[in-house]
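Dear colleague,

Please find below the structure that I am handing over to you. My notes on what was found in it follow directly after.

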Amino acid sequence: MAQFYFLSVLLNILAGLILVYGKKAGSVQAESSADGSDEAAGEKEVSDERSDSLSRALGNMDTKNVRLVVGVLSVFVGIMKLLSVFRNDVPVVGDLFPALAGLAGGASLLLDHYISSSTVELELPGIVRVILIDSARYIGIACLVAALLHFVFPQAILL
């Protein structure tokens with residue numbers, strides 16, 4: 001369906017931008033605790049000057065609620081892309097890369113939201129932590145690439 005095609009492209013872009021340019025899990029608490037030294041304040045000013053407009057604009061949108069909504073919608077649309085066929089496309093395989101990128105991006109955002117808002121320590125298997133938490137920027141890049149290729153080549157197999 002065309003609606004899921006549009007949502008797949010849009011949510012892969014949003015999830016990719018949040019994962020690449022957004023804050024990592026637990027960084028909200030780290031930023032709020034300042035040590036009060038002049039050196040740390042000077043480093044913060046330099047990093048603020050170097051930040052580009054995209055990361056500043058994304059900083060206003062990178063909240064826990066936005067991560068939750070984008071994560072849930074990305075997982076839902078990823079599942080629906082695996083189940084639905086777009087204009088005589090090959091079932092399942094036709095949209096495999098965007099669907100898997102949406103599933104991985106959504107799972108990473110949901111897990112990041114849970115870690116940042118939970119009071120209980122979460123014991124994850126090593127491979128899950130490495131893939132979904134430590135490599136979140138790479139998943140974000142894959143989401144952006146999948147969205148771009150899916151938008152440019154709508155009828156290509158696997159895209």
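A residue is called buried when its relative accessible area is under 20%, exposed when that area is over 50%, and partly exposed in between, with a 1.4 Å probe and only protein chains considered. The model is a predicted one, in which local features need pLDDT of at least 70 and side-chain atom pairs count only at pLDDT 80 or more, while totals for chains, interfaces and linings use all residues. Residues are numbered from 1 along each chain as its sequence is written, and side-chain values use heavy atoms, with hydrogens and water left out.

I begin with the chain as a whole. It holds 8 helices and 0 strands, where helices (H or I, at least four residues) and strands (E, at least two) are DSSP runs numbered from the N terminus. Of its 159 residues, 31% count as buried. The chain exposes about 9500 Å², and carbon and sulfur atoms supply 67% of that area; the accessible areas come from the Shrake-Rupley method with a 1.4 Å probe, and for residues only the protein chains shown count as cover. Contact means heavy atoms within 4.5 Å. Among contacts between residues at least 6 apart in sequence, 83% join residues at least 24 apart.

Next, the packing of helix α6. Helix α1 (residues 2-21) packs against helix α6 (residues 96-117) at an angle of about 45 degrees, and their axes lie 10 Å apart. Axes are lines fitted to C-alpha atoms, for helices over the stretch in contact, and angles run from 0 to 180 degrees between N-to-C directions. Angles under 35 degrees count as roughly parallel, over 145 as roughly antiparallel, 65 to 115 as roughly perpendicular and the rest as oblique. The helices α1 and α6 are therefore oblique to each other. Ser-8, Asn-12, Ala-15, Ile-18 and Leu-19 of α1 meet Pro-98, Ala-101, Gly-102, Gly-105, Ser-108 and Leu-109 of α6. By class, the residues of this contact of α1 with α6 are 6 nonpolar, 5 polar and no charged; Ala, Val, Leu, Ile, Met, Phe, Trp, Tyr, Cys and Pro count as nonpolar, Asp, Glu, Lys and Arg as charged, and the others, Gly among them, as polar.

The axes of helix α5 (residues 64-83) and α6 come within 7 Å and cross at roughly 150 degrees. That makes α5 roughly antiparallel to α6. The contact of α5 with α6 has 12 nonpolar, 8 polar and 4 charged residues.

Ser-8 lies in helix α1 and is buried, with a relative accessible area of 4%. Leaving aside residues up to four places away in sequence, Ser-8 touches Val-77, Lys-81, Pro-98 and His-150. Ser-8 and Ala-101 are 93 residues apart in sequence, yet 9.5 Å apart in space, C-alpha to C-alpha. Ser-108 is placed in helix α6 and counts as buried at 2% relative accessibility. With residues up to four places away in sequence again not counted, Ser-108 touches Leu-19, Leu-132, Ala-136 and Ile-139.

Yours sincerely
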